[in-house]
Amino acid sequence: MTTAIVIPTFNRRETILSALKSLVEALPADHRVIVVDSGSSDGTAEAVRKEFPQAILVQGDSSMWWAAATNLGIQKARELGCSHILTYNDDNIATSDLFTTLANAARLYPDSIISAVCCYLDRPDTVFFAGRMRAKHSDRFYYLDHDVPLASLEKGIREVDLLHGMCTLFPMTVFDTVGLFDESVFPSLFADDDLALRAAKVGYSLQVALEAVVLNDRTKTGVNPYDRRLGPVDIWKLLFSRGSAFKVDRRTRFLWRHRRSCWYFCKTWLYDYVRLFSLILARWILPTSTLQWLGKKWAERLRRP
């Protein structure tokens with residue numbers, strides 16, 4: 001089993017160097033590191049070559065977003081004869097047993113796609129991702145164990161309905177069977193969700209290795225309305241930026257592609273955007289103490305079917 005860790009990056013020199021430093025300290029001998037630089041202008045490529053010569057640097061261009069850059073890395077790994085791909089964000093920090101735990105899980109569950117548990121970089125004992133399940137009466141995916149203590153998680157493996165691409169191990173056969181990430185339709189967000197669901201439809205199980213933990217700097221990931229009051233420009237970015245999970249056309253196409261019925265699609269789409277604008281409005285109207293209380297309630301809601 002030879003694994004290629006594929007890390008796309010663009011103009012985040014210090015971020016990728018921090019990720020690589022923690023990664024190489026925990027790297028098993030049968031793992032290779034592929035950094036895909038999408039035409040950075042801040043010296044990223046030169047710094048990676050100098051400080052981490054063991055990494056394989058693949059040069060892309062500035063038109064590439066996450067999906068296209070990751071696909072380029074997968075193609076390089078295929079040329080090298082790697083049996084597995086670990087998609088990995090450049091704002092991750094690896095824990096000591098991360099890669100060994102994922103590799104052991106892959107040996108036990110060879111027909112599975114397996115994600116790590118993700119914790120906050122500034123709160124390493126708190127979970128923000130441990131898998132998602134699909135709601136019974138809509139096409140919404142809700143989070144399991146969101147914002148709970150890491151110590152409260154069970155051990156072993158957990159089968160779920162949806163993963164992420166932040167730190168996820170794929171057998172190369174997944175890409176041989178269902179193709180690469182859909183970079184034309186989902187250049188950034190939703191590309192990982194879409195591929196996981198396509199793979200699940202042809203029989204791959206989706207698993208979370210509950211003892212494999214990666215830390216992620218959430219302040220560097222996408223556009224979101226949860227942590228601050230948004231102005232008009234921010235709202236426009238939320239609805240139309242590629243870095244936003246609420247980008248209208250991408251979110252609509254994702255929900256439509258993976259709908260269970262037209263009714264579920266309409267119900268989920270309306271719920272998502274009514275909830276979004278209610279949150280935006282609440283941040284403008286309500287006092288901070290009330291918002292903090294609502295934030296706790298919202299975190300609880302994320303964990304419910």
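Guide: Start with Ser22, which counts as buried at 9% relative accessibility. Buried means under 20% relative accessible area, exposed means over 50%, and partly exposed is in between, with a 1.4 Å probe and protein chains only. This is a predicted model, where local features need pLDDT of at least 70, side-chain atom pairs count only at pLDDT 80 or more, and totals for chains, interfaces and linings use all residues. Numbering runs from 1 along each chain as its sequence is written, and side-chain values use heavy atoms, without hydrogens or water.

Ser22 belongs to helix H1, residues 13–25. Helices (H or I, at least four residues) and strands (E, at least two) are DSSP runs, numbered from the N terminus. A polar atom of the Ser22 side chain lies 3.0 Å from the backbone oxygen of Ala19. Leaving out residues up to four places away in sequence, Ser22 touches Asn92, Ile93 and Ala94. Contact here means heavy atoms within 4.5 Å.

An α-helix has 3.6 residues a turn, so residues three or four places apart point the same way.

Ser38 sits in the loop between strand S2 (31–37) and helix H2 (44–51). Ser38 is buried, at a relative accessible area of 3%. Beyond its neighbours within four places in sequence, Ser38 is in contact with Thr9, Phe10, Gly60, Asp61, Ser62, Met64 and Ala69.

Next comes His84, in strand S4 (residues 84–88). Its relative accessibility is 11%, so His84 counts as buried. His84 and Thr2 are 82 residues apart in sequence, yet 6.3 Å apart in space, C-alpha to C-alpha. The His84 side chain makes a polar contact of 2.9 Å with the side chain of Ser83. A polar contact is a pair of N or O atoms within 3.5 Å; within protein, one must be able to donate a hydrogen and the other to accept it, and residues adjacent in sequence count only if both atoms are side-chain atoms. Not counting residues up to four places away, the residues that His84 touches include Met1, Ala106, Phe170 and Met172.

Now the core. In the largest nonpolar core, of 49 residues, those with the most contacts inside it are Ile85, Ile113, Val117, Val174, Phe175 and Phe181. A nonpolar core is a set of buried Ala, Val, Leu, Ile, Met, Phe, Trp, Tyr and Cys residues joined through side-chain atoms within 4.5 Å. A second, separate core has 33 residues, including Leu98, Ala106, Ala116 and Phe128.

Last, the rings. The whole structure holds 13 aromatic pairs. Rings of Phe, Tyr and Trp (its six-membered ring) pair if their centres lie within 6.5 Å; planes under 30 degrees apart count as stacked, over 60 as edge-to-face and the rest as tilted. Phe170 and Phe175 form a tilted pair, 5.3 Å centre to centre with 45° between the planes. Both Phe170 and Phe175 are buried. Phe246 and Tyr273 form an edge-to-face pair, 6.3 Å centre to centre with 75° between the planes. Phe246 lies in the loop between helix H7 (232–240) and helix H8 (248–257) and Tyr273 in helix H9 (residues 262–285), so the pair ties together parts 27 residues apart in sequence. Phe246 is buried at 4% relative accessibility, and Tyr273 is buried at 6%. One aromatic cluster is formed by Trp66, Phe170, Phe175 and Phe181.
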